[in-house]
Structures are given as C-alpha cells and as structure tokens.
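I opened my notebook to look up how this structure is put together. My entries follow.

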There are 2 protein chains.
Amino acid sequence: MSLFKHLLRNPTAKSYSYSSPSIIMPSNLILTCLSHFTTDASPSTVQLTQYSGLGPTKANEKPRVVVLGSGWAGCRLMKGIDTSLYDVVCVSPRNHMVFTPLLASTCVGTLEFRSVAEPIARIQPAISREPGSYFFLSHCAGIDTDNHVGFDGSSLVIGVICGSVMILDRNAGSVHCETVTDELRTLEPWKFKISYDKLVIALGAEASTFGIHGVKENAIFLREVHHAQEIRRKLLLNLMMSDVPGISEEEKSRLLHCVVVGGGPTGVEFSGELSDFIMRDVRQRYSHVKDYIHVTLIEANEILSSFDDRLRHYATKQLSKSGVRLVRGIVKDVDSQKLILNDGTEVPYGLLVWSTGVGPSTLVKSLDLPKSPGGRIGIDEWLRVPSVQDVFAVGDCSGYLESTGKTVLPALAQVAERQGKYLFSLLNRIGKAGGGRANSAKDMELGDPFVYRHLGSMATIGRYKALVDLRQNKPLDCVTSLWCGYLKETKRVENGSELANGLRGRFVRLN
Amino acid sequence: MSLFKHLLRNPTAKSYSYSSPSIIMPSNLILTCLSHFTTDASPSTVQLTQYSGLGPTKANEKPRVVVLGSGWAGCRLMKGIDTSLYDVVCVSPRNHMVFTPLLASTCVGTLEFRSVAEPIARIQPAISREPGSYFFLSHCAGIDTDNHVGFDGSSLVIGVICGSVMILDRNAGSVHCETVTDELRTLEPWKFKISYDKLVIALGAEASTFGIHGVKENAIFLREVHHAQEIRRKLLLNLMMSDVPGISEEEKSRLLHCVVVGGGPTGVEFSGELSDFIMRDVRQRYSHVKDYIHVTLIEANEILSSFDDRLRHYATKQLSKSGVRLVRGIVKDVDSQKLILNDGTEVPYGLLVWSTGVGPSTLVKSLDLPKSPGGRIGIDEWLRVPSVQDVFAVGDCSGYLESTGKTVLPALAQVAERQGKYLFSLLNRIGKAGGGRANSAKDMELGDPFVYRHLGSMATIGRYKALVDLRQNKPLDCVTSLWCGYLKETKRVENGSELANGLRGRFVRLN
C-alpha cells in the first residue's frame with residue numbers, strides 16, 4: 001500500500017540520490033569530476049512488487065476511465081471525453097493513432113509516415129498534463145472484473161495516518177498490464193495493474209492468417225506504421241539488390257515481384273499505390289530494372305467483394321491497365337522466397353504483403369466475457385459488456401450479442417470511430433449525472449442506444465482513381481461531400497462517371 | 001566471360017520465364033489461375049560465379065569512374081563529374097548522403113530525418129538513368145590495383161563473335177564488393193567486382209572507441225540517420241517507461257539520464273538540442289517526469305578544444321545554464337545501464353551517445369597502400385595515391401603523405417567537400433584532354449594542386465545560440481554570409497556580441 005498519490009511504489013525501493021542540475025562552474029574551464037554519482041551505488045535494478053500500479057481512485061480524485069487500445073475507437077473516445085469529469089488512463093503498445101486509410105500511401109513515399117500517425121498526447125493533451133491521467137506503453141495482459149465493488153463502501157478499510165482519516169484499501173476492477181520493452185534490450189517487461197471506475201475495451205483485432213504456414217514469418221501485414229516502413233525498406237532494398245552485377249534474370253524477377261494476398265480495400269489500395277510507384281518513380285529512378293518489377297494480387301474469391309458489381313468490374317479493369325496481375329487462388333503455404341497455391345503453382349516473390357482481413361485477438365479470445373457471433377466481445381445496444389458493471393467495448397474487438405437481435409457490425413474505421421463518439425457522450429452524460437465512480441451508474445437511465453448507419457465505402461485504385469459505393473447510405477449529398485473533402489486533400493475531385501447516373505452505387509472519378 | 005553489356009552474368013543461369021503483364025480479363029470477373037508461374041520451377045537460388053561484375057570498359061563505352069563511399073567528398077565529386085565524359089559507379093552501404101551538421105537536430109524532432117538525407121540518385125541522376133552508371137548498395141571488401149593495365153593494349157585478347165571483332169578480355173584494376181543484405185533475411189551477401197578506369201576512395205572514417213569495453217554494444221554513435229532514429233526511439237521509450245507505475249525513483253532517474261561522451265562539436269550540439277527538447281517538449285508533453293530528466297556531457301579534456309578560449313568559456317556557461325551537467329572524466333568501462341569513469345565513479349544512464357571523434361576504418365587499415373601519419377590513405381597534393389595509377393583518395397579516409405611536407409587535414413565536412421570539388425574538376429579536365437581511360441593520363445599535366453583554406457568552425461549550443469570561430473579565415477565577410485545563410489534557414493541571425501569586437505575569433509549570436 002502506498003502513501004504516494006497514484007503511483008504504488010515499492011516501499012523497499014531506495015530513494016535515488018540524484019541532485020538538482022545546479023552545477024559549480026569553475027571559471028578556468030577545467031571541469032570538476034562528477035561527485036553526484038555514488039561509487040558504491042547498488043546496481044540500478046528495478047525492485048518491484050509483482051503487481052504495483054494505480055489503485056482505486058480516492059474520494060478527492062476524479063473517477064478514472066481506463067481505455068485499452070489507441071485505434072479509431074479508443075482515440076475518438078479519448079478525444080471527446082470530458083477531462084474535468086474524468087481522469088483518463090490509456091494502455092496501448094502504440095503511443096499514436098494510425099490513420100489507416102492512408103497507410104498504403106506511405107509505403108511508396110506518397111506520404112510521410114508522420115503524416116498518418118497522431119500522438120495520443122496530442123489527441124488528448126490531458127494525458128500528459130493532468131496529474132491523474134496517463135499513457136502507458138503496455139500490453140493488456142488480463143482484465144479482472146470480479147473485484148469491481150467500487151465506491152459503495154462495502155469493502156472500504158479506513159485508517160488514521162498523521163491525524164487524517166484515509167481510505168487505505170478498496171477493491172475495484174482492474175486491468176493487468178505488461179510494459180512493451182521489445183526495443184529496449186536493457187529492460188525486462190514490468191507488470192502492474194490499474195484499477196478502473198469505467199473500463200473501455202478498444203483492443204482492435206488481429207490480422208487473419210487462416211493458420212497458413214509461413215505467413216507470420218515471411219509476409220508483411222499493413223496495419224501499423226512499422227509495417228509500412230518495413231514494406232518501403234524491403235521494396236527499395238530489392239530494387240537495389242536486383243541491380244547488382246551477376247544476378248540472374250530469374251532472381252531479378254523474383255526480387256522485383258511484389259505479391260499482395262487479399263483483394264479487400266487494403267490489398268487493392270496497396271496494389272494501386274504500388275503500380276503508381278512503378279509507373280512513376282521506378283521508371284525514372286530505377287530505370288535499369290524497370291522492366292522486371294511486377295505486382296500480383298491474389299484473392300480467393302472476388303476482389304472488393306463488398307462493393308457493387310459494376311464498381312468491382314471497373315476496379316478490375318483499371319488495376320489490370322496499371323499492370324497489376326489479378327490472380328484467383330488460395331494460398332496453401334508460404335516460404336521465404338515463394339508461396340504455393342492450392343493447385344500447386346509456385347509463386348516466387350521478393351515482397352509479400354498479406355491483407356486478408358482481421359479476426360479476434362488472442363487476448364480477446366482469452367477473456368472470460370460473453371462473446372458475439374464470430375468470437376468478439378459481446379455488447380448490448382449501449383456498447384456495454386452486460387455481464388459486468390462499468391465495462392464497455394468498442395471497435396473491431398466488439399460485436400452485438402445474439403440476444404440483441406442485431407448483426408455484428410463490420411470491422412471498419414467508421415464503425416469504430418462512431419462507437420467511440422457515442423461512448424464518450426454517454427460517459428460524459430453519466431459523469432455529469434454523478435455516475436462516474438465505480439458501480440455508481442447501475443440504475444441510471446442511459447438514453448438512446450447506439451445506432452449505426454453506413455455512410456458508404458471507398459477504395460482508391462491508383463492513378464488518381466477511386467471507387468465510392470453509397471448504396472446503403474441515405475443522405476447522399478452529405479456523404480459525397482464527406483468523402484470528397486477527404487479526397488480533395490490530395491487531388492481535385494470530379495464527379496460524373498457513367499456509373500454515377502441514376503443509381504445508388506455512385507462513382508467518383510479523381511482526375 | 002559475358003556477351004551482355006556491362007553485366008557479367010553467369011552463363012549457366014536460366015532465363016526466367018516471366019511473361020509480360022498482359023492479362024486475359026474475363027468479363028465475368030472470375031479471375032483465372034496464374035499460368036505464368038511454372039509449377040516445376042527450380043528453386044530460385046542465385047547462381048553466381050564467385051566474382052562476376054562489371055568488366056573493363058570497352059572502346060565504345062565511356063571510361064568508368066568508380067567512387068567508394070557516399071559522404072561529403074564522394075557526393076560532391078559525383079555531383080560535379082561530367083557524365084558525358086564518364087560513367088559513374090558508386091559503391092556504398094548507404095544510398096544517400098547525410099547532411100551531418102543537422103543530424104543532432106533530428107534526434108529530438110526539430111528536423112525530419114528525410115530533411116538531412118539526400119538520395120544519391122538525386123545528387124547525380126545519371127546513376128539511375130545512364131546505362132553504364134550504377135549505384136551498388138555494397139561494402140567494398142578490397143581493392144586490386146595490381147592488374148591495372150588498362151587501354152594500352154598490352155594484355156588485350158581479341159576474338160571474332162558473330163562476325164564482329166570484340167575485345168574479350170583485358171586486365172584492369174578493380175574493386176571487390178559485397179552486397180549489404182543485413183535487412184533482407186532471405187538473401188546471402190553477393191560478391192562481385194568492378195573494374196575501374198579511375199578510382200576515387202572516399203570511404204570516410206569510423207567512430208573511435210579507444211578500445212573501451214562495452215562502447216560498441218551499449219552506446220549509440222551519431223554519424224548516420226539510423227543512429228539518430230535509434231536515439232529518438234530510445235529517448236521516447238525511456239520517457240514512457242519512466243512513467244510506468246511501480247518504477248523506483250532510482251530507476252526513473254537512470255532511464256531519464258542522457259549521457260554524452262565527447263565534448264567536440266557533435267557532442268556539444270547534441271547536448272544543446274537535448275536540453276532544448278527537455279525545456280520545451282518534455283515539460284509540456286511529459287510533465288509527469290520532467291523533473292527527472294538530465295543531460296551529462298563527459299569530456300576527458302576541454303569541450304570544443306579547437307575553438308577559441310573565449311568561445312569555449314561562453315559555450316560552457318550557456319550549456320550549464322541550459323541544465324547540461326559538464327563533467328571532466330575518462331570513461332573506463334561501459335555496461336548496459338551504467339558507465340564507469342577512471343576514478344571509479346559509476347554513472348547510471350538510460351541513453352548513452354558516443355562522439356569522441358573518428359579514426360581510420362578497418363578497411364582503410366587493411367589496404368596495402370602508403371599511409372599518412374595517423375594511418376589514413378596517403379595522398380599527394382593532387383589527391384592521388386602516388387604508388388598506383390588512376391587512384392585518388394578524398395575526405396576523412398585520406399591524408400597528405402609525409403613526403404609532401406604538409407600536415408594531415410582535419411576530418412571535417414568542409415575539407416571533404418572541397419576535396420570532392422577539386423577532384424571532379426581535375427577528372428573532368430583529364431577526361432576532356434582524353435585521359436579518362438585507365439593508364440592514359442600517366443604523363444598528363446595536372447595543373448594546380450589542391451590547397452585547403454579553413455573557412456571557420458561553427459557549433460550550435462542550443463537555445464538558438466551558436467559559436468563561430470573565424471580565426472584562421474582570411475576573407476571574413478564572405479564566410480560570415482556563408483554561415484549565416486545556413487543559419488538563416490531556421491533562425492534570424494544577429495551579429496554583435498561583445499566577443500565580436502576587434503578580434504579574429506568572432507562570435508555570432510542567434511536571437
């Protein structure tokens with residue numbers, strides 16, 4: 001138990017004798033030896049109790065919202081949450097949000113990596129300023145909802161220290177965390193736990209590999225900035241390697257064969273970007289090898305299966321015009337230099353990008369919470385996990401429970417973003433009504449449930465062309481301007497392909 | 001021996017059956033299987049003779065200048081070389097030039113990494129466009145000057161193929177190379193050799209560690225873009241790690257203790273940037289831990305020893321004001337979390353940057369060429385390596401031979417840059433006079449030798465302040481405007497500190 005505010009430090013840890021940075025400055029410029037460091041210092045190992053952390057909030061503190069994840073849902077929620085009502089603690093292995101629709105453009109240098117990543121501290125500045133708000137670069141290792149007793153006083157332990165009555169212990173639900181130290185070879189991961197008043201699970205999903213051997217080891221996904229960096233590095237290295245004297249024609253073609261598996265929007269957009277890159281940059285800057293580079297897009301069914309038939313047809317034609325080879329096939333096995341299709345065809349590659357959709361993460365699968373069809377965390381119409389108090393789930397990790405009678409929403413940014421928006425409004429309303437503390441919103445009226453309206457789908461296909469499918473959308477004009485606003489950032493928008501006439505599946509051609 | 005132009009391919013390598021990207025597009029959108037890939041394809045291993053490569057240039061080709069390295073000297077030379085006279089082949093493990101004076105600013109986000117790196121292909125576009133010019137991402141493994149016989153015909157072998165008389169073999173000096181494949185796990189390094197008509201050695205130097213144990217393993221140098229990236233990543237990770245609940249005060253101080261070893265311009269500039277970063281960004285964006293972060297600069301003698309006393313004194317005062325702790329000490333040993341000084345003092349650190357100057361690289365040491373005092377490649381006044389024909393050395397890897405009676409020039413960008421400039425003029429003149437081929441400029445008059453005039457030294461010290469020492473410079477006005485031009489890019493320049501009056505050591509204060 002700790003007397004420090006918020007940080008449950010190990011009471012046995014020695015105080016560090018680091019002096020303030022005041023320095024005795026000799027006028028003759030001869031510098032003194034550093035007397036600040038003790039020569040008999042004990043090794044600076046970390047002494048931690050197994051699970052120190054942030055304990056339950058006290059009466060003089062704001063209630064704490066713990067957000068797991070920093071994707072579309074979590075970040076939208078953090079951006080809108082009222083920090084005069086709540087302290088916000090975010091736990092994520094990523095200290096920034098990725099604007100995923102533009103990730104493919106960073107692989108070939110169209111956009112800078114920084115342009116598609118926004119630091120959490122800029123999305124919600126309170127996180128780095130408020131004394132009770134934090135960002136922790138950590139994985140969530142588990143969630144303990146059993147002890148969520150909260151502020152009803154049933155398990156409070158009251159004591160007197162230095163003449164003041166203090167709450168010494170109180171049980172609350174908590175999140176078990178483990179720091180991400182992959183890049184710091186000098187550190188072991190640390191474990192700690194964070195108690196919550198409200199918990200928002202926004203853990204996202206994992207790339208699907210369908211258990212195909214060799215995918216994880218050899219393919220690159222396209223979900224994080226570091227994936228895009230790896231793709232760019234590998235692409236450039238392959239271009240340079242293929243120009244080395246003595247390399248065989250066969251090896252040159254292999255190195256410069258870029259294979260994309262998965263014909264959803266991500267795969268199609270990346271293929272389009274890649275063919276743009278080949279047509280412009282490679283021809284100009286790698287002219288020695290320009291005739292060797294090719295792009296193949298492998299899809300088991302049809303590309304862009306969620307789009308209207310006519311848009312699909314158009315996309316197929318355009319991609320082929322750009323030199324993208326479209327292949328229908330199922331990948332059976334992947335090794336480091338080739339993949340094997342179901343019919344035995346061997347496809348040598350130099351770069352393999354895998355984008356066959358997403359599924360529940362290992363952590364989500366392991367959580368002892370009710371699940372929706374498809375294995376996501378089950379939620380009700382208010383995005384609550386109904387079996388436990390004060391726990392919500394949003395974005396790709398969550399799905400409507402069968403009991404709600406609603407179908408699970410697709411794993412899309414626009415779903416996650418709007419769930420985040422809905423939930424911060426709900427939490428702000430609860431907070432204002434005095435229900436911010438653990439277990440204090442039990443019988444509160446929550447108002448309108450979350451309703452999702454699909455605004456439309458878009459996919460760019462290279463050469464300043466894009467598809468917009470608005471079939472499921474009601475207010476057409478508003479949506480067109482929404483997408484166009486986004487597109488205009490890079491290119492002039494011009495309406496009016498033949499597909500745009502008199503139908504709900506509308507096409508926007510970018511000049 | 002090969003019949004292909006330039007690329008000495010292995011005659012046993014099979015031609016790759018990769019078809020052109022024309023695709024049969026079924027109108028019903030069902031994609032065909034890929035018949036382009038043979039299912040019985042042999043494994044796409046590389047079949048190489050041990051040393052294939054670029055053979056001696058033929059009569060109908062331009063003479064070839066091979067440049068080893070892509071630093072200040074090599075890039076300045078490539079930028080100015082007349083590509084109508086020469087083909088240029090650059091061999092370097094780095095496909096870009098680094099503007100080293102601004103590298104420190106990228107570590108803390110003041111500048112983007114891309115802003116300080118310029119691709120070779122942009123410095124000399126012919127390298128990626130001309131059929132005989134190349135950039136090879138490779139290490140130089142050795143130089144063979146013994147066979148440099150060249151175009152005098154003494155060792156030519158003439159044959160008749162397809163009715164044409166062809167030069168089948170001719171000896172020439174060559175460079176042995178090995179591709180850099182560290183980042184491509186799937187590839188083994190390849191060996192090849194490149195014959196030269198003229199060879200420019202611009203291999204640079206290596207960071208000095210003085211044989212101190214643990215430096216290479218634990219410290220980060222500040223010479224390449226990836227070093228700056230590593231520093232930035234580690235700094236941010238340490239900032240986040242130190243905020244994790246449960247961490248001891250001691251560990252927090254260790255993680256946030258940035259130690260710089262070496263008080264030359266690089267160490268001082270980095271310390272200044274770091275203290276700026278702490279005063280602005282850390283206070284604002286990492287306010288939880290802002291009081292724990294400190295910078296210590298360790299130097300065995302005096303900081304900025306090449307600068308005027310008064311400038312040094314000013315720098316010391318300013319750095320201390322910024323909170324940089326200046327320590328005189330000699331590092332004895334480095335481990336992963338602390339370093340030990342000669343007097344036994346232990347200095348725990350979270351980030352260790354090493355900048356104690358440079359020395360000859362392992363390759364330079366191994367070359368069987370005459371050496372200058374200090375072990376660099378010995379050159380005469382025309383930057384030639386006098387013992388062999390057509391070989392020149394520029395930049396940090398080279399130094400005047402004792403026989404020239406001149407002192408070895410300091411390892412500075414301005415020396416390298418001006419040597420590169422001098423040498424491309426010399427080579428262009430030789431080329432125009434018909435001496436571009438191997439051994440054909442033996443008795444040519446080379447004109448004026450290279451003369452170095454030091455234009456002055458500059459070091460930024462943070463908080464928009466910098467030192468400029470012009471003691472050794474003659475034409476003051478021209479130099480002041482040179483430096484100011486560089487500085488003005490970021491800040492307004494204002495002359496006139498008290499140190500600027502009536503002395504050659506002049507001070508420029510940036511407001």
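I started with one pair: Arg94(A) makes a salt bridge with Glu224(A), and their closest N and O atoms lie 2.8 Å apart. I kept in mind that this is a predicted model.

Next I asked how many salt bridges there are between domain 1 and domain 2 of chain A. I counted two. I also found five residue pairs in polar contact between domain 1 and domain 2 of chain A.

Then I checked which elements form the domain 1 side. Strand E4 (96-98) and helix H2 (103-106) of chain A each bring at least two residues to the side that touches domain 2 of chain A. H2(A) gives the most, with four residues.

Domain 1 and domain 2 of chain A bury about 1300 Å² between them, and carbon and sulfur atoms account for 62% of it. In domain 1 of chain A, Cys107(A), Val108(A) and Phe113(A) lose the most area to domain 2 of chain A, together 45% of what that side buries.

The contact draws on 19 residues of domain 1 of chain A and 14 residues of domain 2 of chain A.

**The whole chain**

I noted the domain bounds of chain A: domain 1 (1-7 + 53-205 + 360-438), domain 2 (215-356) and domain 3 (457-510). I found 12 helices and 27 strands in chain A. Of its 511 residues, 56% count as buried. Chain A exposes about 21500 Å², with 51% of it supplied by carbon and sulfur atoms.

Methods
Residues are numbered from 1 along each chain as its sequence is written. Chains are lettered from A and ligands numbered from 1 in the order in which they are written. This is a predicted model: local features need pLDDT of at least 70, side-chain atom pairs count only at pLDDT 80 or more; totals for chains, interfaces and linings use all residues. Side-chain values use heavy atoms; hydrogens and water are left out. Buried means under 20% relative accessible area, exposed over 50%, partly exposed in between (1.4 Å probe, protein chains only). Accessible areas come from the Shrake-Rupley method with a 1.4 Å probe; for residues, only the protein chains shown count as cover. Domain bounds come from an automatic or database domain assignment. Contact means heavy atoms within 4.5 Å. Buried area is the accessible area (1.4 Å probe) that two parts lose on being put together, summed over both. A salt bridge is a side-chain nitrogen of Lys or Arg within 4 Å of a carboxyl oxygen of Asp or Glu. A polar contact is a pair of N or O atoms within 3.5 Å; within protein, one must be able to donate a hydrogen and the other to accept it, and residues adjacent in sequence count only if both atoms are side-chain atoms.
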